Amino acid sequence: MTIDEVYKFVKLMANKENRGWIKPSEFNLLATRAQLDLIKDRVGSISQDGVVNGYKDNSQLQDELYGVITEATLTVTSEVFTFPADYLNFLSLTYNGVEVDMVNSSSITRRVKSQLNPPTEDFPVGVITSTGFRIYITDSGPINNGNVILRYIQTPTAPNWAFNVINNIEVYNPSSAVQLTLTEGTHKEIAHRILAYIGVTLREANIVEYGTTTVVEQGK
């Protein structure tokens, strides 16, 4: 769906439920939030023990998230490989072509000093800090060089239902609009999330009626 179609859907459902008019600024804010929340749910979050996990790579997730999956070669500052400016969620990290084993901050010291499983160039160990990543290949401290590539979820561009005001009416302006970054398969869920934020509960009858209305409108 275009951003205009999503907005029309949200307005129709909200008005049916007597939840009031949804201003473009409100819609744009909620659309941004819905897209980010959907990404968070798909990717997962850091577990309670601090280990980076949750993301399960499969074809459906690739189809839904490919617009925000990217890679970057990281630069180092004071032994920290810093986050890209558009960094949102971690997927994986490699050092000189070898995947880094990510651990939580409470266990990094124990792992670095381990006699049984210490970090090496072939088995690097990493930890996320507030500004980026520390990577260890020996017990002497984090490295400050090497080819480090981060695979990550980038922050999507905020969607925008743009408009011109004509005769005091807001009219959609497709040339200035910013479409949803995520793929078509996620758009209905994004619309449902926006409606949930404003307190609209969708029932099957709502969807059927909306579909019928859309078909009629498109047939005119």
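1. In this predicted model, five strands make up an open sheet: its 5 strands follow the order 2-3-8-7-6, and the pairing is mixed. Strand 2 (76-77) and strand 6 (101-102) are the edge strands, each pairing on one side only.

2. Within that order, strand 3 (residues 80-82) and strand 8 (residues 132-136) run antiparallel and are joined by 2 bridges. Across this pair, Gly-132 in strand 8 is the residue opposite Thr-82. As background, strands of a sheet pair through backbone hydrogen bonds, in either a parallel or an antiparallel manner.

3. A further antiparallel pair consists of strand 10 (residues 163-166) and strand 11 (residues 169-172), with 4 bridges between them. The two strands form a hairpin with 2 residues between them. Ile-166 stands opposite Ile-169 in strand 11. In the turn, Asn-167 has a positive phi of about 55°.

4. Turning to helix packing, helix 1 (residues 3-16) packs with helix 5 (residues 187-197) at an angle of about 40°, and their axes are 10 Å apart. Angles under 35 degrees would count as roughly parallel; helix 1 and helix 5 are therefore oblique to each other. The crossing of helix 1 past helix 5 is right-handed.

5. Which residues form the contact of helix 1 with helix 5? From helix 1 come Val-6, Phe-9, Val-10, Met-13 and Ala-14, and from helix 5 Ala-191, His-192, Ile-194 and Leu-195. Of the residues in this contact, 8 are nonpolar and 1 is polar, with no charged residue.

Notes:
Residues are numbered from 1 along each chain as its sequence is written. This is a predicted model: local features need pLDDT of at least 70, side-chain atom pairs count only at pLDDT 80 or more; totals for chains, interfaces and linings use all residues. Side-chain values use heavy atoms; hydrogens and water are left out. Axes are lines fitted to C-alpha atoms, for helices over the stretch in contact, and angles run from 0 to 180 degrees between N-to-C directions. Angles under 35 degrees count as roughly parallel, over 145 as roughly antiparallel, 65 to 115 as roughly perpendicular and the rest as oblique. A crossing is left-handed if the near helix is turned anticlockwise from the far one by less than a right angle, and right-handed if clockwise. Contact means heavy atoms within 4.5 Å. Ala, Val, Leu, Ile, Met, Phe, Trp, Tyr, Cys and Pro count as nonpolar, Asp, Glu, Lys and Arg as charged, and the others, Gly among them, as polar. Two strands pair if DSSP finds at least two bridges between them.
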